[in-house]
Amino acid sequence: MTPFDERFNATSIRALLALAVIFVMLATTGWTAIRPHKGAEDPRAAALVSWLHGSVAGHKLPSASAGADSIAHFFATLTAAQTRQIANRYPLVVGNLDGAPVSVRYLANRVALAQTRVTEIARSHSSLLTPAGRKDADKRAHRYASLLSDGRQILAFDPTGAGRAAEVFGDLGSADRVAVVVPGVDTDISTFERTAKSYAAPVGMARALYQAERAQDPSSRTAVIAWANYTTPSGVGLDASTGELAENGAVRLNSLVEALPSTARISLFCHSYGSVLCGVAAPDLPSDKISDITVFGSPGMRVSRAKQLHTSANVWAARDPSDWIGEVPHLEIAGLGHGADPVSESFGARVVGTEGALGHPGYFAPGTESLANFTDIALGQYSAVRCAPNREDCASGLGQA
């Protein structure tokens, strides 16, 4: 055997061992079971069919898949009465149209939530459902009631399957800086928000960041979006170890970004599998809008180096030593895994401190260094960012943005 063969075999063995570790983890943490989302009905699909054949003032409605600019132009031609009419007639379509005025989307989603809540209340008492089915319907009805609370700005809502949603904190229309929180696995309508440790769910993450921004710079015009508007992996399963759902989600994220105010600087905060999505989306996101991409608790971004993201945005990374994601092998073999570790020196991201952030979901907990750093990044106050230990140069070359 030649020295080359020995080196090749050693490399192959290391790769196979790493792959074996992945599958051991899959087997011991429940990763091997791909659990489909509950609920086979697709109310939004039915709404889209109705929209396809609809009209307003004698004019055919535009394709729901038209770009944000086309949708914005269509709504600009409507009167206030016509806008209210189609928002009430097609709430599950209008409430999810990137390019529609945000106030109209908020209205449409309130209508959709109210209608869907009535349906779920009826289902919670239906003898046609199992006890588990009635319990699930009751939980959904309570979630929808919460989302209907006064002052909430629901930017997207789709009850299909496990459900998707997005919520805005702040005035999105006038914001100079917009932060988008992109969550990871097991995010759906039931986990969109939580009471205990609220910062571990998308709504709590976004609210914590917005409140921190307002406390630090009350004069700033900012908005934060809790964006759980893509289908996430169910459990840390096989679907979480591939990029398919990230690729589908990246299309949706790009559509959102295109519809955001053209003058706003946008920062993405991508947690866990959400960082995979942000990595896939990065090359196609408009470079004139995206100022920062921050990943935390990341299994990888499906590239080996930050420069391979082909973005002009600042790429930041964070991982607390207590986060179990650090034990996951950062590699990609035959489509499994998500590549290099974003906090490694070789990756080339700007690595920030996370002191106080305990575990995988703790990065937005009050008083943590990670939340303080995310706030500085979202506000463009880069000189205040505190670097991770031994990464003191993380903000070098950056001024106030």
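Biologist: Leaving aside its neighbours within four places in sequence, which residues is A317 in contact with?

Modeller: This is a predicted model, in which local features need pLDDT of at least 70, side-chain atom pairs count only at pLDDT 80 or more, and totals for chains, interfaces and linings use all residues. Residues are numbered from 1 along each chain as its sequence is written, and side-chain values use heavy atoms, with hydrogens and water left out. Contact means heavy atoms within 4.5 Å. By that rule, and with neighbours within four places in sequence left aside, A317 is in contact with V295, P342, V343, A349, R350, V351 and V352.

Biologist: Is A317 buried or exposed?

Modeller: Residue A317 belongs to strand β9, residues 314–318; helices (H or I, at least four residues) and strands (E, at least two) are DSSP runs, numbered from the N terminus. A residue is buried under 20% relative accessible area, exposed over 50% and partly exposed in between, with a 1.4 Å probe and protein chains only. Because its relative accessible area is 0%, A317 is buried.

Biologist: What distance separates the C-alpha atoms of A317 and G348?

Modeller: Along the chain, A317 and G348 are 31 residues apart.

Biologist: Among contacts in the protein chain between residues at least 6 apart in sequence, what share joins residues at least 24 apart?

Modeller: The secondary structure of the chain comes to eleven helices and ten strands. Among contacts between residues at least 6 apart in sequence, the share that joins residues at least 24 apart is 69%.

Biologist: What percentage of the residues of the protein chain count as buried?

Modeller: The chain exposes about 17,800 Å², of which carbon and sulfur atoms supply 55%; accessible areas come from the Shrake-Rupley method with a 1.4 Å probe, and for residues only the protein chains shown count as cover. Of the 401 residues of the chain, the buried share is 53%.

Biologist: What pattern do the disulfides of the protein chain follow?

Modeller: A disulfide is a pair of cysteine sulfur atoms within 2.5 Å, and the structure holds two of them. C270 and C278 form a disulfide with their sulfur atoms 2.1 Å apart, and C387 and C394 form a disulfide with sulfur atoms 2.1 Å apart. When bonded cysteines are counted along the chain, the pattern is 1-2, 3-4.

Biologist: Is the disulfide of C387 and C394 left-handed or right-handed?

Modeller: Both C387 and C394 are buried. The torsion about their S-S bond is about -85 degrees, and therefore this disulfide is left-handed.

Biologist: What is the angle about the S-S bond of C270 and C278?

Modeller: Residue C270 counts as buried because its relative accessibility is 0%, and C278 is buried with a relative accessible area of 0%. Their link is left-handed, and the angle about the S-S bond is -85 degrees.

Biologist: Which element supplies the largest share of the lining of the second largest pocket?

Modeller: On a 1 Å grid over the protein atoms alone, a pocket is an open set of points where a 1.4 Å probe fits, with protein on both sides within 12 Å along at least five of seven lines, and lining residues have an atom within 4 Å of a point. About 410 Å³ of space lies in the second largest pocket; of its 24 lining residues, the closest to the centre are A64, N96, D98, R252 and S255. At least two lining residues each come from α2 (43–52), α3 (68–76), β3 (153–158), β4 (164–170) and α9 (244–259). The largest share, five residues, comes from α9.

Biologist: Is A57 buried or exposed?

Modeller: The loop between β1 (55–56) and β2 (59–60) holds A57. Its phi is near 55 degrees, a positive value in a residue other than glycine. Because the relative accessible area of A57 is 56%, the residue is exposed.

Biologist: What is the phi of R302?

Modeller: Residue R302 lies in the loop between β8 (290–296) and β9, and counts as partly exposed because its relative accessibility is 29%. Although R302 is not a glycine, its phi is positive, at about 65 degrees.

Biologist: Not counting residues up to four places away in sequence, which residues does Q381 touch?

Modeller: Q381 is found in the segment after α11 (369–379). At 16% relative accessibility, Q381 counts as buried. Not counting residues up to four places away in sequence, Q381 touches Q216, D217, D376 and Q400.

Conventions:
Points joined across faces, edges and corners; volume = space filled by probe spheres on them.
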